Amino acid sequence: MSHDHEHGHHHHHDDDDDVQEHREHGAPLSEVELRVRALESLLVDKGLVEPAALDALIDTYETKVGPRNGAKIVARAWVDPAFKQRLLQDGTSAVAEHGFVGRQSEKLVVVENTPAVHNMVVCTLCSCYPWAVLGLPPVWYKSAPYRSRAVIDPRGVLGELGVRVPAETEVRVWDSTAEIRYMVLPERPAGTERMTEAQLAELVTRDAMIGVARVPASAGASR
Amino acid sequence: MNGGHDLGGMHGFGPVEIERDEPVFHHEWERRAFAITLAAGFLGKWNIDQSRFAREQMPPAEYLATTYYEHWLFGLEKLLQDHDLVSRDEVAARLLGPGGAVRPVAGARMLKVDEVEPALRRSRASKADEDVAPRYRVGDRVVTRNINPLGHTRLPRYARSKRGVVALDHGVWVFPDTAGNGLGRKPQHCYGVRFEARELWGDAATSRDAIYIDLWDDHLEPA
């Protein structure tokens, strides 16, 4: 997609297949892998964690809860002015109408991007993020470059990510230092007037709901 | 504490790099570290503020050189040691090989697989039900306290002794600066406080932009 910024370096994490391959070739596990394995086995032996519960926790956040939740909320707000009003007044209750509740989302505040105000969300102290609507945060959100720069140079960060904010637009950065979680309601792109709610939801990206991307006018964006 | 976690405003970490089509987890050990941390949290032995404080105590040089789930692992090991659930010696012994006697833990209430979904849904750890009067109203001018505690605080370094305006009253919440240090809940109002970018960063910042930070009554004084 043309809207995707050009700099997007790929991280070269070795994935699980690589790990599997290392094991098959008899290479030792890394120190951190060994520590996690030792700790998990101790916790199981002591009756402090149940293996099936661990699998259920992983499955929840790997396959069930993710940014598609938030995208449905955004699309609904774009087509339903009454819902949008409820969402901006009381985000927690409005997303609960869709069944999106729970951990890391005790109170949700939704902030609206307009031509006058551009909102973006960060957690400088750790990694606070609205799990119920966006799932677990991506690595860049939890990493030092974003956490350090989002508050001191938001326009620089946005510019690098391909979002040019006009000088007359106010940038608001929300540093999530409490249990209140923030989600951005991005601007609906022009040219989408004939789209259905489901088609609109397909357009909405995770990064647009964090406030570091705009929503493209056609689907296919990877973030 | 003025630890390696308090990153807002630091320079030198380089650009924000967004990974396209990023998986939720990059390694199997990250899945397991995530799950055992969440499951151990449901034992109810510590609160979310104490779990954040445990991660913050990773030495700064180590914090900045390691990844997100390594911070989690450090915090979990520390909490398990501090609460006498898993000792350092037990981890060391388990690293040498499987099996071996483990010291049982009396009275632990382990999260079971069929409790995972309801436990995540009703997760509501920090909102307080107490009826506590707010010290400030929306629109009030405030100045943040200049504090540098050795313990846990959610007032970031970059926002100490800064003037702002109360923008949102989030209601009554547990105070992390006491709860995270094992000193009780001390419920009080939490506010979204607006700081002009120039108040935080000086005249080089744009006059239009602002940072919103969630802070509690005890972080603020009238301005």
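Tutor: In chain A, the C-alpha centres of domain 1 and domain 2 lie 36 Å apart. Domain 1 of chain A covers 16-49, and domain 2 of chain A covers 66-210. These bounds come from an automatic or database domain assignment.

The model is predicted, with local features needing pLDDT of at least 70 and side-chain atom pairs counting only at pLDDT 80 or more, while totals for chains, interfaces and linings use all residues. Residues are numbered from 1 along each chain as its sequence is written, with chains lettered from A and ligands numbered from 1 in the order in which they are written.

Now chain B. Its domain 1 spans 28-121 and its domain 2 spans 141-222. Their C-alpha centres are 29 Å apart. Six residues from each of these two domains of chain B take part in the contact (C-beta atoms, placed from the backbone, within 7 Å). On the domain 1 side of chain B, three of the touching residues are charged, two polar and one nonpolar.

Next, the fold of chain B. It has eight helices and five strands (DSSP runs: H or I, at least four residues, for helices; E, at least two, for strands). From the N terminus, the order in chain B is α-α-α-α-α-α-β-β-α-β-α-β-β. The C-alpha trace of chain B spans about 60 × 45 × 35 Å along its principal axes.

Last, packing. Chain B has 223 residues, and 41% of them count as buried (20 or more other C-beta atoms within 10 Å of the residue's own, placed from the backbone). Among contacts in chain B with a separation of 6 or more, 65% join residues 24 or more positions apart.

Key
Buried ≥ 20, exposed ≤ 12 C-beta atoms within 10 Å, placed from the backbone. Nonpolar A, V, L, I, M, F, W, Y, C, P; charged D, E, K, R; others polar.
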